[in-house]
Every structure is written in structure tokens, then in C-alpha cells.
Amino acid sequence: MQVTENLNQEITVVVFKAPWCQPCKAYAKTIEEAKEIYKDTPEVKFITYDIEDKEAFVETLKYKIKGVPTTIILKDATEISRKVGALPLGSLSSEISNAL
């Protein structure tokens, strides 16, 4: 699924990860917790890409991913926030709330 397919969603949280990345593995739990927090907020969607998957290649290039994990928050398909590294749940929630 490409990010452009979700243009009708107001906020999209895009996470780039890799299977060999230890911080990515730890961050996966944070992403799941954030999904739970925002499950009743239909304007917030989450997309996760494995940078080693062929399907993610175009998105990885498009967003010029240089490190993982990288979290990009889009509002109406426009990037409004980018963080490299695993964020604590509070920081991620704050970024999403600020985007709303």
C-alpha cells in the first residue's frame, strides 16, 4: 500500500523499519500501543514499511529514508513531522495530537 492511496485520511503515521534493526523491534510495541490509543479516531491511520521489502522501495526513496526507525506524520498527504529513532509513546502521541 502506498501512502498516496490514503490521501482521504487526514493524519497518516508512516513508520519505516528493518528486520535487523533492534530499536525497530522495540519501537513496534510503541506503535501497537499508539494504534490502540487512536483506534477510535478514524482520521488517524498507521502504515509501516519494511525498507527491505520490494513494495516499500518506492516509498523509501520518495521519503529519502536514511535511518530506521523513521516516523513521518502526514496531514492531508503533506509531511508535517519526521523523527528518526524510536520515540517513547508520550512523544509519539504528542506528535499525533499536534497534527490533529
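**Close-up views of a predicted model**

View 1. Helix α1 comprises the 16 residues 22-37, which at 1.5 Å a residue should span 22 Å, and its end C-alpha atoms lie 24 Å apart, which agrees. The expected span is 1.5 Å times one less than the number of residues; helices (H or I, at least four residues) and strands (E, at least two) are DSSP runs numbered from the N terminus. The model is predicted, so local features need pLDDT of at least 70 and side-chain atom pairs pLDDT 80 or more, whereas totals for chains, interfaces and linings use all residues. Residues are numbered from 1 along each chain as its sequence is written, and side-chain values use heavy atoms, without hydrogens and water. C24, Y27, T30, I31 and A34 are the buried residues of α1 (buried: under 20% relative accessible area; exposed: over 50%; partly exposed in between; 1.4 Å probe, protein chains only). Their cover includes β1 (11-17), β2 (44-50), β3 (70-75) and α3 (89-99), where contact means heavy atoms within 4.5 Å.

**View 2. The disulfide of C21 and C24.** C21 is joined to C24 by a disulfide with an S to S distance of 2.5 Å; a disulfide is a pair of cysteine sulfur atoms within 2.5 Å. The count by this rule is 1 disulfide. The torsion about the S-S bond is about 80°, so the disulfide is right-handed. C21 and C24 are both buried.

**View 3. Residue L61 of helix α2.** Helix α2 (residues 57-62) contains L61. With a relative accessibility of 52%, L61 counts as exposed.
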